[in-house]
Amino acid sequence: MELLEHVTREHPRVKVIMVTGQANVQHAVEVMKRGAADYMPKPFSTDEFVDRVKSHLASDEAPAYAARVVRSAASPSDPLAKYVGEHPSIQNLKRLVPPVAQSKAPVFIHGESGTGKEILSRVVHELSDRSDRPYVTLNCANLPRELVESHLFGHRKGAFTGAIEDREGAFERADGGTLLLDEVTEIDLPIQAKLLRVLQEQEFQKVGDSNKKKVDVRIIATSNRDLREAVEEGSFREDLYHRLAVFPLHVPPLRERIADVPLLAQHFVRKYCDMYNLPEKTIDEELLARFQDRSE
């Protein structure tokens, strides 16, 4: 930390990549706040490290954290405003998101269904230096198991029955941007191995193609299941877990932040009044109380 502070103070144009053997989200946030350009937990491949260095050398952007994340939390245009909540747990989450977003490392968002994991994922993308690049989402739970590989990596015409033309996969469409893998724990083990290879080497093969294609994709994965539990059960690869959960973010359920219920209710009233061109409406206090009672 002292060396990082010295470099950023005395040589502000020098970009610092912090490397650690103990991935820890609080530590990562702290080093990004102090001016590190990137944060890489071990293990990683030589190619991945070289690509990361080349990426930073190719960028003219100064590494100073403050210059990258100057936004007003009160501004409606602030991406963080899209995630509604004032409970301390949500405020803490919002403090973590900007420095996490500035990294190129994968993010894992865990939370129950309906907690807004996908909204938070888009906020991470919009606060990153990839905000003007593609943002591609793939719901792994809604795909037929036999087509997951094709949707992830694409396929060549004739690769299997029904492959009547070439298809781009999610990684190819997200090149240069962000790929959200929603409910990532639903991917079968054989495909998890191929996903791990893409994360390590930043390259993939389409189904039915022998050629490899390089990509630059930032991964955000979500699940309503605990990744550690999935690893212990044997349904999720431990090495893939360590690759995906570099920055783990937990989204608390509404029952743990009842005070946010009125805020969310009013948010949705405004949203649908705008959507259907309705006059401004308010919610009766008794109804809000009922909502809060039902949320516990």
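Colleague: Which residue does Glu-233 form a salt bridge with?

Modeller: Arg-225, and the closest N and O atoms are 2.7 Å apart. By salt bridge I mean a side-chain nitrogen of Lys or Arg within 4 Å of a carboxyl oxygen of Asp or Glu. Keep in mind that this is a predicted model, where local features need pLDDT of at least 70, side-chain atom pairs count only at pLDDT 80 or more, and totals for chains, interfaces and linings use all residues. Residues are numbered from 1 along each chain as its sequence is written, and side-chain values use heavy atoms, with hydrogens and water left out.

Colleague: Is Glu-233 buried or exposed?

Modeller: Exposed, at 54% relative accessibility, while Arg-225 is partly exposed at 26%. Buried means under 20% relative accessible area, exposed over 50%, and partly exposed in between (1.4 Å probe, protein chains only).

Colleague: Which residues do salt bridges with shared partners join into one network?

Modeller: Arg-156, Asp-166 and Asp-209.

Colleague: How many salt bridges does the structure hold?

Modeller: There are 12. One of them pairs the side chains of Glu-126 and Lys-82, at 2.7 Å from N to O.

Colleague: Where do Glu-126 and Lys-82 lie?

Modeller: Glu-126 is in helix H6 (residues 117–127) and Lys-82 is in the loop between helix H4 (65–68) and helix H5 (88–102), so the pair ties together parts 44 residues apart in sequence. Helices here are DSSP runs (H or I, at least four residues), numbered from the N terminus. Glu-126 counts as buried at 18% relative accessibility, and Lys-82 is partly exposed at 43%.

Colleague: What about Lys-212?

Modeller: Lys-212 forms a salt bridge with Glu-203, with the closest N and O atoms 3.6 Å apart. Lys-212 is exposed, at 56% relative accessible area.

Key: Helix = DSSP H or I, 4+ residues; strand = E, 2+ residues; numbered from the N terminus.
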